[in-house]
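Please look through the following structure step by step.

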Amino acid sequence: MRFFKAIAFATFLSGLAGTVAHAEDVINAVHFTPAQNGYAKSFLKFVDKVNERGKGVVKITVRGGPEVIPNPQLGTAQKSGLIDMINTPAGLYLEMVPEGEVLSASTITPWESRANGGWDLLNEIYAKKANAHLLLHIDGGTGFHMFTVDAPAMTPDGAIDFTKLKIRSSPLYRQFFETLGTTVIVQNAGDVYTALERGVINANAYPVMGYASFGWDKFTKYRIDPSFFQTDVLVSMNKKKWDSLTPESRRILNEVAIEYEKESYELNKAETARLAQEMVDKGQKVVEMTGAGREKFLATAAKASWDRMAQRDPTNIEQLRKLFP
């Protein structure tokens, strides 16, 4: 019921936007995390930069986060035009665009993918499959970690014993975790606190950024290193809405997107280091995988992503492998 109310609200807002003077393009947006989370705060910085530079030309109006449109419906809501812009990980709608997983599988920077043509190819795929125009890969540069309630058992090769874990997962890394032998439970971020509190899960996976904002660090006292994948958060627009913008609006959005893509990359790395240390200072311990076990862990992560992309749609795999090493 809440989702349908959100749809009606978004439709109403779109109608209002259509009555605004043509001198200013108005874009309605939502973000995937609660407002206090670091990812939402970063997106709001991008919005502020667009609105400052685009004053009188283009304006992004943020309607809220998952309380407006739940995460599983974000891709569909944008594709249908119920919302103009979304800030969300590619991993949340891989069933619509499986190629989005390339962002997490690759180790190159967002600006490197723009330079070698990879970003343009991915944008073409999103336009075709999701009716979306990609603006920027925001908050790149860091990865995901496993966090456990208890000290993990180690194996002779330097890895942890994954079979002991009942881990919360997102769709992005479900197949990877299953390959490792963990018991996987896919949950929305909003359900994780209760699952940890009740012992339904004894491990979680998420970037350091925003982790403590959910209160999960109260239960997970161990962080497993190294990280895996690369964060895959995107800012994208409904393609019909993008095409309807004035050339000046599109120019401003593109300029700010390219600038903030690199700025947010550096900010994310610095903020991740700060937040990681903050959790350590509060008692969280770091467990480092080493040797052959560590190398196998990282190789398995990369292989799982490419295997799943190939299984879902092999059409663009060869090109993507060349452009997203």
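At roughly what angle do the axes of α2 and helix α10 cross, and within what distance do they come? This is a predicted model, and the answer is computed from its atoms. Two packed helices are described by the angle between their axes and the distance between the axes. For α2 and α10, which covers residues 247-281, the angle is roughly 145° and the axes come within 10 Å. The crossing in which α2 passes α10 is right-handed.

From α2, the residues that make this contact are Ser 42, Lys 45, Phe 46, Lys 49, Val 50 and Arg 53. On the α10 side they are Ile 252, Leu 253, Glu 255, Val 256, Ala 257, Glu 259, Tyr 260, Glu 263, Ser 264 and Leu 267. Sorted by type, the residues of the contact of α2 with α10 comprise 8 nonpolar, 6 charged and 2 polar.

Helix α2 spans residues 38-53, and Arg 53 lies in it. Leaving aside neighbours within four places in sequence, Arg 53 is in contact with Ile 252, Glu 255, Val 256 and Glu 259. The side chains of Arg 53 and Glu 259 are joined by a polar contact of 2.7 Å. Arg 53 and Ile 252 are 199 residues apart in sequence, yet their C-alpha atoms are 7.2 Å apart in space. Arg 53 has a relative accessible area of 39%, so it counts as partly exposed.

Of the 325 residues, 54% count as buried. Among contacts between residues at least 6 apart in sequence, 78% join residues at least 24 apart.

Helix α10 also holds Glu 261. Is Glu 261 buried or exposed? Its relative accessible area is 1%, and therefore Glu 261 is buried. Not counting residues up to four places away in sequence, Glu 261 touches Pro 110, Trp 111, Arg 114, Trp 119, Leu 136 and His 137. With His 137 there is a polar pairing: a polar atom of the Glu 261 side chain lies 2.8 Å from the backbone nitrogen of His 137.

The last topic is backbone geometry. Most residues other than glycine have a negative phi, and most peptide bonds are trans. Which residues does a cis peptide bond join? They are Asp 225 and Pro 226, with omega at about 5°. Pro 226 lies in strand β9, residues 222-228.

Asn 131 is not a glycine but has a positive phi of about 50°. Asn 131 is found in the loop between α6 (118-130) and β4 (132-137). With a relative accessible area of 25%, Asn 131 is partly exposed. Asp 139, also not a glycine, has a positive phi of about 60°. The loop that contains Asp 139 runs between β4 and β5 (144-148). Asp 139 is buried, because its relative accessible area is 2% and buried means under 20%.

Key:
Residues numbered from 1 in each chain as written. Predicted model: local features only at pLDDT ≥ 70, side-chain atom pairs only at ≥ 80, totals over all residues. Heavy atoms only, no water. Helix = DSSP H or I, 4+ residues; strand = E, 2+ residues; numbered from the N terminus. Buried < 20%, exposed > 50% of the residue type's maximum accessible area, 1.4 Å probe, protein only. Contact = heavy atoms within 4.5 Å. Polar contact = N/O pair within 3.5 Å; in protein donor to acceptor, adjacent residues only side chain to side chain. Axes fitted to C-alpha atoms, helices over the stretch in contact; angles between N-to-C directions. Left-handed = near helix turned anticlockwise from the far one by under 90°. Nonpolar A, V, L, I, M, F, W, Y, C, P; charged D, E, K, R; others polar.
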